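Dear colleague,

Please find below the structure that I am handing over to you. My findings follow it.

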Amino acid sequence: MIIRSGRSGRSEYAPVAAEAAGDPVPSVRAAAALALARLGDPEAGRAVLPLLMSDGDPGVRCRASVAVTRLGLEGPAFLRAFARQLADPDRTVRINALEGLIALGAPGDAAALVRLLGDPDPAVWGRARTLIYQCAGDAAVREEVIRTARNGTGTARARALDWLPESHTEHLLDSLLTGLRDPSPAVRIAVARRLFHVEQRQVQDKLAEALRTERDPEVAARLLRGLAERGDEHIAEPAVRWLPDPVAGPSAAQALGALDTDTAAAHLRTALADETLPAGTRAASATAIGVQGRWDAVWLLLPLLDDPDDDLRAGALDGLEARVENGLRLWERHPVAWALAAHLEADARHIWRTRNALSGLAQALPAVRHLADDSGSGEVRAAALSLLDGDDPADERARRDVRRFLRSLDDPYEGVRYQAVLGLTRWVEATGTLPPGSEAARVRLTALTEDASLRVRRAAAELVEALDAGPVFDPS
């Protein structure tokens, strides 16, 4: 009867629903709360819903809190009820309480709210964080967040530290330094993240000491990365120790690469050759070797392009990308160009990673143009086209690349059509107009504004709009 009355939306049933709120059967009380929410009569629920929000049955408490939010009820009684529910053992009730307080724009109970940052359920702690942001101007909330960041425990302290702006670091410094020995790995990571930005020798020494004694691989990985960014040479020995760990090993290799010393380079070569190490560590070692750019980096990485392990090939490609970006030696350019161009078609798993490594390598362009014309893989043709930069009208090769873009507007593969439009866009941005002899190009571009692919439609429409607007470049 109650549920049917609620669905009917007839306000005369509100007193019936309110009376049912005192029924000894929990399911009836829950139905009463649901009916009050559906009837939409705030006055009918004002007296009984605060009681139902403290009911002994979680289903009743849950529906009562939803009813209060739906009816838009406000006032001290509802704030107190929501505040109590922040500590409710039932996760759904806690979620509904947070939703209600978010709607009211009030924290309820600052201490209970900040404690929820440590809730294991993302649906709970995520809403708690949202409400804390919403109530950032509330003095009690700010004080509780600071107290938790300084003296809290576990995940709640870690998230409180993440919430506070960097300006609080100096005031928290003593507690942060002791936090490097906190029992919670999450706290140690949050503390270290703040301390990396403190320009004090004693702080950096404490971080280095923490790394030497750390036993948790996730914390060690964060310490290795942070100290490597600062160029701290204390990381060498711990980094070597962590190389065999599947979690911290990649960060250890990255840290050794950042050191750029002969000793670090030797450790990376050893790690790369050690097939007993996790693949992730060896892949990170390959990348680090490329970043360091020692005399043998290219010759260590090129053979790995044929390795059966996907991760190791990826690491080698990232290392070669770093070498190309930082400048290959004269005698390295052609071997790298030939190997990467061949790899572009040979390794379907890493087409775009290979493409990134090829970017800026002029010696590869003849092979890349061949792939753009003749590859049987649409993805390879798209990647090859993206490497061509037809933006110099005085360059015959650039003009031929533009003709490739024009031909590719009709390619059956979506990625090729998209890259063709982008290639023409580069030409138009450089010259202010479509290339000579391409009168039909505008018709084809206009047709592509109706393409099945959203990104092709958008790119084509933007190019047509730019052409309609006229030249926008400075020929000088």
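Across the whole structure, which is a predicted model, a search finds 30 salt bridges. One of them joins D262 to R294, with the closest N and O atoms 2.6 Å apart. This pair links distant parts of the chain: D262 belongs to helix α19 (residues 262-273), whereas R294 sits in the loop between α20 (279-292) and α21, 32 residues apart. D262 is exposed, as its relative accessible area is 57%.

R313 and D310 are three residues apart in α22, about one turn of the helix, and their closest N and O atoms are 2.4 Å apart. R313 counts as buried because its relative accessibility is 9%, under the 20% limit; D310, at 23%, counts as partly exposed.

E332 and R323 also form a salt bridge, at 3.7 Å from N to O, and both residues are buried.

E332 is among the buried residues of helix α23, which include V336, L340 and L344. These buried residues pack against α21 (297-301), α22 (310-326), α24 (351-358), α25 (365-374) and α26 (378-386). The 17 residues of α23 (residues 330-346) should span 24 Å at 1.5 Å a residue, and the 25 Å between its end C-alpha atoms agrees with this.

Finally, the largest nonpolar core has 136 residues, and L340 is among those with the most contacts inside it, as is L49. Beyond its neighbours within four places in sequence, L49 is in contact with residues including A33, L36, V68 and F78.

With kind regards

Technical notes. Residues numbered from 1 in each chain as written. Predicted model: local features only at pLDDT ≥ 70, side-chain atom pairs only at ≥ 80, totals over all residues. Heavy atoms only, no water. Core = buried A, V, L, I, M, F, W, Y, C linked by side-chain atoms within 4.5 Å. Buried < 20%, exposed > 50% of the residue type's maximum accessible area, 1.4 Å probe, protein only. Contact = heavy atoms within 4.5 Å. Helix = DSSP H or I, 4+ residues; strand = E, 2+ residues; numbered from the N terminus. Expected span 1.5 Å × (residues − 1). Salt bridge = Lys/Arg side-chain N within 4 Å of Asp/Glu carboxyl O.
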